[in-house]
Protein chains: 2
Amino acid sequence: MLKEWVKEKRPDDETISQRLEIARSELAKRQMLVKEHKLPVLVIMDGWGAAGKGSVLGRVIKNMDPRFFKCETLTEPTSEDLRKPFLYRYFVKIPKEGQFSFYDGSWMESVTNSLLQGDITKKKYKEYLTGIKRFERQLNDNGYLVVKLFFHIDEKTQKKRLDELESSDVTSWRVSDSDRWQNKHYKKCLDVFDEYIEATNQFVAPWYFVDSSSKKWAELQMTEILVASIDTALKNAEAKREAPILQNTFAMKKMPKLADIPLDKTMTDEEYQKELDELQDRLKQLHNEIYHKKIPVIIAYEGWDAAGKGGNIKRIAAALDPRGYEVHPIASPEPAEKARHYLWRFWTRLPKDGHIAIFDRTWYGRVMVERLEGFCSENDWQRAYNEINEFEKELCDWGAVIIKFWVQIDKDTQLERFTDRQNTPEKQWKITDEDWRNREKWDLYEDAVDEMMAKTNTAFAPWHVLESNDKKYARIKALKIVIKSIEKRLEELK
Amino acid sequence: MLKEWVKEKRPDDETISQRLEIARSELAKRQMLVKEHKLPVLVIMDGWGAAGKGSVLGRVIKNMDPRFFKCETLTEPTSEDLRKPFLYRYFVKIPKEGQFSFYDGSWMESVTNSLLQGDITKKKYKEYLTGIKRFERQLNDNGYLVVKLFFHIDEKTQKKRLDELESSDVTSWRVSDSDRWQNKHYKKCLDVFDEYIEATNQFVAPWYFVDSSSKKWAELQMTEILVASIDTALKNAEAKREAPILQNTFAMKKMPKLADIPLDKTMTDEEYQKELDELQDRLKQLHNEIYHKKIPVIIAYEGWDAAGKGGNIKRIAAALDPRGYEVHPIASPEPAEKARHYLWRFWTRLPKDGHIAIFDRTWYGRVMVERLEGFCSENDWQRAYNEINEFEKELCDWGAVIIKFWVQIDKDTQLERFTDRQNTPEKQWKITDEDWRNREKWDLYEDAVDEMMAKTNTAFAPWHVLESNDKKYARIKALKIVIKSIEKRLEELK
């Protein structure tokens with residue numbers, strides 16, 4: 001694609017100036033529309049070293065209100081970033097609705113460099129590409145405009161610019177070893193870039209090339225591309241264009257319906273105490289091992305109100321070194337969270353490698369409470385099954401052990417526990433009117449849970465039902481599953 | 001203090017077990033009270049290497065609900081932390097109301113180590129101590145319970161434990177070079193710790209020593225200290241104990257009243273365009289210099305509605321490299337922000353060194369809108385002048401250039417601009433009912449602003465009034481002040 005690209009002939013300077021004047025004022029208008037229509041705009045800027053991305057960005061934003069955009073330099077990962085999934089540092093910086101984010105350097109730069117330097121295998125590279133394409137598609141499907149720009153210069157121009165920069169003390173620091181390397185291996189880089197662009201040129205996030213032979217000309221192209229892209233996105237938003245519900249492509253395990261799961265399992269106090277001590281000791285050892293092997297572990301809890309999630313989590317947490325885990329209680333999203341992709345607030349809470357994150361309620365809220373209470377559109381929650389599977393696949397590719405629990409009780413047991421909470425002063429804070437309202441919708445929720453588990457019970461992130469009419473039984477079962485899942489991963493790594 | 005400490009004689013094992021049973025159940029009850037009364041609790045854990053902080057913490061939290069606390073390992077700063085003020089990594093992790101945070105390693109560990117290793121001068125150390133004492137006092141004054149624990153063992157016990165840990169392959173990694181160093185220089189360390197503890201033993205955040213000769217005994221002491229501290233804090237909260245309004249101790253510059261500032265300054269379009277180009281060029285160069293010298297710059301904008309803050313900020317931003325600055329529009333706080341110290345949301349937005357942060361409205365909201373609308377108590381906003389001066393002093397000690405602008409117009413000019421906004425479709429988003437309501441309180445606001453500027457016009461972070469009846473004049477003046485402030489700092493560093 002890039003190799004065959006036929007550039008628009010660069011107009012003369014006067015024409016550029018004239019067109020620029022118009023384009024700038026159009027962009028200023030679009031900025032207000034973006035704000036008004038709550039469109040989030042993500043602009044990623046890739047290209048050759050010394051193509052002038054930074055200066056062009058500086059020119060473009062001069063005409064924008066600095067309160068409505070952020071520029072993110074993402075060329076170098078921080079030490080924190082390196083302990084998170086590959087897409088982490090890009091995901092956590094996505095703009096909120098009505099805002100622009102400009103990324104200087106994106107996931108393209110990161111993966112193509114890694115490939116060129118031989119830091120990753122071709123297989124890993126392909127895995128990254130798949131994740132990238134999903135990420136861009138999810139952003140689009142969730143209302144984001146993603147504009148991808150590649151700033152292009154030819155080999156000679158690059159060399160000339162690097163030589164010029166190096167010749168002055170003031171600018172020589174801007175020439176990095178990798179810029180020089182790129183110029184020396186221009187053709188090889190071009191091949192890799194071209195292949196990457198071809199592979200990631202999607203309807204939902206197409207590539208645009210910017211002829212960067214002059215700054216002013218590049219500014220004009222970038223501004224015009226932005227204006228046109230925003231117009232398209234606003235039209236689509238107005239037309240309420242729905243994203244297709246994709247077919248599942250992940251291997252699924254069969255899942256029984258909740259109604260078919262017997263809840264008569266119990267355990268004596270004696271058995272419980274003995275098993276609890278043994279299992280907690282074992283988990284403690286394993287926590288030490290995953291810390292040293294830098295394996296991240298994610299434990300997700302969902303279940304009925306009063307099913308015993310809190311007490312169950314406590315028995316897991318009690319076995320862990322407090323410096324190596326975190327419990328995240330998930331309530332309704334805060335404004336800054338609601339203004340972004342619904343998975344954003346979970347990306348920002350991911351553990352470091354070697355650490356454990358326990359989620360008390362999760363991203364599955366999308367296909368339960370948000371679905372049933374109408375907090376998102378039908379298209380939104382229908383799409384979410386696949387989006388969530390993709391999210392978990394990304395975590396799995398990163399190396400995470402993912403354990404998902406549904407804590408199950410029957411309706412009578414819930415009533416008993418609600419009544420007990422209501423009548424016991426120390427427990428009253430645990431019961432709210434909302435709990436009673438949710439209870440009335442038990443059957444609707446049960447259908448939603450059955451559908452959710454059937455559609456997200458992937459081989460790499462399976463569901464486990466914890467029969468919790470007897471809380472002791474459920475706690476021991478949870479501990480066993482956590483232990484087995486970690487042991488399995490350690491075995492695989494041997 | 002530590003050296004003279006007379007330990008409680010360690011009870012026999014049975015007594016410890018009995019007391020522990022009671023203490024654990026008391027702590028479980030306190031946890032619910034903490035939640036109910038929205039008390040934020042910060043527990044910092046310092047002490048000798050191999051004193052067993054981690055294991056004791058693990059035991060204590062076993063009896064707590066993991067949804068209501070977080071454990072933070074703060075022994076090593078990240079690469080990001082190192083580019084922020086010293087207290088940054090501690091401030092951004094403070095708990096929200098109703099929650100506990102346990103810090104494994106605190107600012108004590110950091111500064112005493114730096115002193116012992118000779119990484120900082122005695123003078124810098126004293127500066128840190130001052131900042132630390134202010135930080136702890138501010139937390140207390142803003143409703144936090146700060147519990148400071150020092151886990152104590154003697155030289156011999158430490159040596160024995162380190163030897164034991166090293167003798168096994170499973171545990172040897174837990175012995176660091178610095179643990180060994182500490183044991184070899186036990187007496188020297190003891191002197192430094194003792195002096196630090198003496199200097200930071202404040203009413204608002206007293207020290208507690210924990211005899212760590214056995215884990216169970218240490219757990220008991222820690223649990224009992226927590227219970228007693230929580231009880232005191234809850235009583236104080238109930239009695240609505242007010243914090244004293246401290247006397248100002250910072251050098252202040254005299255500030256004229258707003259009413260005495262003439263607003264007749266104007267500028268021709270021609271002068272404006274010429275000066276603008278020259279000043280923006282100069283600021284661009286300086287941005288490059290501060291980036292290389294790693295100087296952080298913080299520019300704070302306050303002013304009347306429609307005074308022209310946005311356009312003014314835009315003229316500054318246009319001169320800057322987009323990768324080196326960020327604009328933070330400040331609206332009313334989100335729930336997670338409101339649930340913490342009011343300066344938290346500004347700490348989390350501080351720039352990295354070498355970067356510029358521009359705040360469109362600031363922490364001064366506390367003594368303007370929050371004061372006048374009753375969003376905080378009188379004691380809160382009265383205290384805030386000093387708290388803010390201390391905050392800015394901390395930034396200044398870090399090396400930041402701090403520039404504070406008040407964008408000033410008269411009442412007639414505001415009316416003109418409001419009316420224009422109302423009547424111009426593209427500008428209507430800029431004017432809300434709230435703006436009109438605020439206008440009605442002009443005189444109250446003017447008094448508050450006069451008081452604010454008089455009380456926070458410190459030598460290290462002075463206010464600058466931008467006469468903005470003529471926006472062009474105000475923009476040029478702002479650019480000149482930013483340039484001069486940066487030049488001054490560069491000069492000082494020579």
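## Close-ups of a predicted two-chain model

**View 1. Two neighbouring strands in chain A.** Strand β6 (residues 297-303) and strand β8 (residues 356-360) of chain A pair in the parallel sense, over five bridges. Here strands pair if DSSP finds at least two bridges between them; strands themselves are DSSP runs of E, at least two residues long, and helices are runs of H or I, at least four residues long, both numbered from the N terminus. Look for A:Ile298, which stands opposite A:Ala357 in β8(A). A bit of background: strands of a sheet pair through backbone hydrogen bonds, either parallel or antiparallel.

Before moving on, keep in mind that this is a predicted model, where local features need pLDDT of at least 70 and side-chain atom pairs count only at pLDDT 80 or more, while totals for chains, interfaces and linings use all residues. Residues are numbered from 1 along each chain as its sequence is written, and chains are lettered from A and ligands numbered from 1 in the order in which they are written.

**View 2. The whole sheet of chain A.** Zoom out and you get an open sheet of five strands with parallel pairing, in the order β7-β8-β6-β9-β10. At its edges sit β7 (325-329) and β10 (463-467) of chain A, each pairing on one side only. From one strand to the next, the twist averages 20°; axes are lines fitted to C-alpha atoms (for helices, over the stretch in contact), with angles from 0 to 180 degrees between N-to-C directions.

**View 3. A strand pair and a helix in chain B.** β7(B) runs parallel to strand β8 (residues 356-360) of chain B, and five bridges join them. In this pair, B:Tyr325 stands opposite B:Ile356. Helix α19 (residues 471-493) of chain B lies across β6 (297-303), β9 (401-408) and β10 of chain B, at about 165° to β9(B).

**View 4. Where the two chains touch.** In this view, 35 residues of chain A are in contact with 35 residues of chain B, contact meaning that the C-beta atoms, placed from the backbone, lie within 7 Å. Among the elements giving two or more residues to chain A's side are α1 (13-36), α2 (53-61) and β7.

**View 5. How the copies are related.**

Key: Two residues are in contact if their C-beta atoms, placed from the backbone, lie within 7 Å.
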